[in-house]
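Please open the model in a viewer and keep the selection panel at hand.

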Amino acid sequence: MSRSPSFILSIPEGKENPSQDLSPYDESIVHDSFHQLIQEQSQQAEAEALELQEWSSRDKDGVRQPQSESYRAPQDYSSATLRILANMPSRTIGRSRGAIISQYYNQTVRLRRKNSRPLLRDMSRSARPSVRQYDLDLDLTPREEEEKRSLLVKELQGLTVAQRDHMLQVMPLSLTEKRCLRQDSCIQRGRQKHHCHSQTQLYCCSRLKYHCIITFRSLWYGLLSSLYALKPWRYSLKQISGQFGSSVLSYFLFLKTLISFNVLLLLLLLPFIVAVQLAFPPTSEFPFSQSFTGLELFTGRGQFTHTVMYYGYYSNFTLNQPCSSQQNNDHCPLRTTHLPYNMPLAYLFTVGVSFFTTCITLVYSMSHSFGKSYQVGSTPAVHAITVFCSWDYRVTQNWAAHLQHDNIRTQLKELLAEWQLKQHPRSMCGKLRQMIVLLLVWLLCLGTALGCAIAVYSFSEFMHENHETKTQMISEKLQEARLLALPLIVCIINLVVPYLYNVFASWEQHDSPVLEVYVAICRNLILKMVILGLLCYHWMGRKIRTLGDQCWETFVGQELYRFMIMDFIFTLLDTLFGELVWRLIVERLKGDRKPEFDVARNVLELIYGQTLTWLGVLFSPLLPAIQLLKLLFLFYIKKISLMANCQAPRKPWRALHMTTIFITLLCFPSFLGAAIFLSYAIWQVRPSRTCGPFRTLDTIYEASKVWIRRLEEASPTITWFTWIHQYLVENTFFIFLISAVLLAVIYFNIQMVKGQRKVICLLKEQINNEGEDKIFLINKLHSIYESRATSN
């Protein structure tokens with residue numbers, strides 16, 4: 001393409017002769033291959049347009065019509081415009097193989113002169129490295145290219161193996177060309193056409209070390225893969241997400257979170273309390289029952305009563321001391337021992353540390369989930385991103401491809417449902433009618449919860465009076481069965497009332513499925529928290545006064561065990577039979593349709609069971625192990641029932657914030673209530689005089705005071721430790737201060753995420769403005785040079 005000399009001389013950066021071809025290898029001039037590429041595309045587009053116009057302009061007799069004036073051939077960009085485009089990230093387009101070889105030959109020469117390998121951060125990581133700061137040659141002829149290639153091979157032979165491999169790796173050449181360069185560079189002077197490894201042959205010791213490292217790494221990776229295969233959610237979560245969406249997936253993710261919390265509790269309770277007591281068992285004063293009837297599995301009594309499962313089995317003396325066999329002696333003389341282990345102090349501090357660790361983990365999980373679920377980097381073009389950028393091209397197996405296909409399809413359904421919901425808002429009359437119905441339904445739900453609470457309280461009073469009057473009139477087996485009456489009534493209420501709430505919710509006709517789930521969670525939460533509050537009053541007030549000198553801590557632990565077992569049984573019955581019968585009814589009435597998975601009810605069952613576990617940690621240290629087995633078994637049962645009896649939600653919705661909401665409910669009503677209950681039991685309630693590690697103390701917390709007092713007597717020089725315990729541990733202000741700090745951390749994390757979202761929105765607007773500014777400047781420069789060229 002010819003240009004006038006005056007036009008080329010108008011570019012101040014140009015240094016070549018105007019008759020010479022343009023090239024971008026010098027930063028001041030545009031590469032001719034890039035210029036030629038634009039030319040070829042322009043000519044091709046012009047030819048296709050002329051051909052189409054020729055066909056469209058023919059009349060019936062085959063006479064060509066005159067060319068339309070509306071068509072204009074694509075204009076050629078000026079040199080200044082091309083030079084601006086060359087400075088953009090695509091400036092390396094069209095580079096020839098010879099130019100690349102020449103560039104890396106010069107780079108290799110400089111590398112050998114330095115005689116040291118450069119840092120990785122100084123090397124270009126791009127597939128097409130920048131041409132800045134390189135003195136590159138023009139496009140080479142085939143002969144010059146071959147000479148440069150031979151020189152490059154010689155220079156590569158002088159490098160070390162690591163330097164040569166790194167140099168070949170960053171070259172923007174094909175794999176075939178890189179392989180040829182590697183083979184040619186590995187040929188030494190005295191050995192022609194030998195393999196590359198002949199130059200770098202390892203010694204025997206080095207080779208043995210290399211094979212040992214490879215073998216150890218393979219074993220380690222195999223062990224990691226086998227441990228990963230043991231997870232119950234390895235493939236199930238992807239399958240659930242693909243078929244049922246993120247709403248149902250949030251339930252199983254929450255169940256997975258609860259499993260990790262119980263594992264954390266067991267890691268602290270098992271080695272420091274249970275294992276130590278098993279290693280030094282006390283002399284039992286209570287013989288085991290003669291027979292095992294099987295009812296003990298449901299009641300937790302019988303042979304389970306005097307075991308490490310309950311509080312009453314644990315001793316109140318320092319283990320591994322001469323007087324450790326005397327259970328009622330709380331003070332042993334200080335003698336030389338290998339492992340003096342104060343069991344009361346270990347019991348108190350282990351429970352306290354486990355709760356404190358769980359609190360920190362909950363706060364961290366809630367903050368992390370908040371920043372993750374609220375999508376700090378969200379974009380309005382999420383539909384296009386899901387369509388064009390969601391597929392993982394590393395997937396090779398058919399089943400994985402089907403799972404990913406289902407997952408993307410479900411995500412698109414959720415996005416479209418959310419978009420359609422925003423496009424059709426309700427009218428003012430519809431909103432007013434919905435508010436009235438919502439108020440009436442809330443009154444019915446609160447009245448139902450109040451009636452259930454009164455029923456539980458009345459039944460507990462009735463069972464308490466009958467237990468006092470008819471204890472000696474009934475048999476032992478009947479007494480064992482009567483203990484299951486209160487858990488049975490509570491579990492029936494927890495099973496039936498949520499279905500009644502679903503009937504009430506059908507009258508409200510919420511437009512948003514997310515709002516419907518939130519309302520159902522709130523109602524079920526109120527019901528369960530009221531019932532648990534009444535039960536805590538029943539255990540801490542009435543039962544302590546009734547049992548007197550008996551081991552009331554073991555009784556509370558057995559009660560919590562019974563509630564947990566009955567809750568698990570009713571959950572299994574509801575899952576295996578309730579959902580199956582409901583599916584048959586729905587299919588009979590509505591054809592092929594199946595019921596939907598009730599996320600709110602199932603999540604509240606998990607929170608209820610975990611609350612029972614936290615309430616019983618002090619009275620039954622093995623209760624988290626039972627909860628862990630229950631959750632693992634429940635995972636598979638719920639998954640099988642979901643696949644067989646449920647269908648995907650009719651109104652798909654994205655569960656962006658569900659995990660955050662679930663963890664928040666687990667933290668504040670559940671964990672906070674359990675912490676208050678245990679704090680009251682530790683600081684205010686007097687322990688039993690006949691069992692447990694605190695039998696001789698006025699309160700459980702007094703064990704730490706006794707230990708501090710003995711520590712002062714043994715070593716008067718550590719008064720600073722006594723001061724720390726008195727002003728930081730005993731003082732309740734410090735506990736409130738820690739709580740305030742945790743709440744402040746949560747608040748600041750929320751505010752930080754909000755600030756990050758605002759900053760990201762501003763940066764996105766700035767990027768859009770930058771792109772528009774570039775387009776504007778390029779068009780302006782093109783118009784200026786075009787007008788100058790036409791004037792000349």
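The stops below begin with the overall fold and continue with salt bridges.

Display the whole protein as a cartoon; this is a predicted model. The protein contains 24 helices and 2 strands. Of its 792 residues, 40% are buried. Among contacts between residues at least 6 apart in sequence, 78% join residues at least 24 apart.

Next, turn to the charged side chains, where the count of salt bridges comes to 12.

Select helix α18, residues 552–590.

Remain in helix α18 and select Arg583 and Glu587, which are 4 residues apart, about one turn of the helix. Their salt bridge has an N to O distance of 3.8 Å. Are these two partners buried or partly exposed? Arg583 counts as buried because its relative accessibility is 16%, which falls under the 20% cut-off. Glu587, at 24%, counts as partly exposed.

Now select Arg689 and Asp698, whose salt bridge places the closest N and O atoms 3.5 Å apart. Arg689 is partly exposed at 32% relative accessibility, and Asp698 is partly exposed with a relative accessible area of 44%.

Finally, select Asp574, Asp598, Arg601 and Glu605, which salt bridges with shared partners join into one network.

Notes:
Residues numbered from 1 in each chain as written. Predicted model: local features only at pLDDT ≥ 70, side-chain atom pairs only at ≥ 80, totals over all residues. Heavy atoms only, no water. Buried < 20%, exposed > 50% of the residue type's maximum accessible area, 1.4 Å probe, protein only. Contact = heavy atoms within 4.5 Å. Salt bridge = Lys/Arg side-chain N within 4 Å of Asp/Glu carboxyl O.
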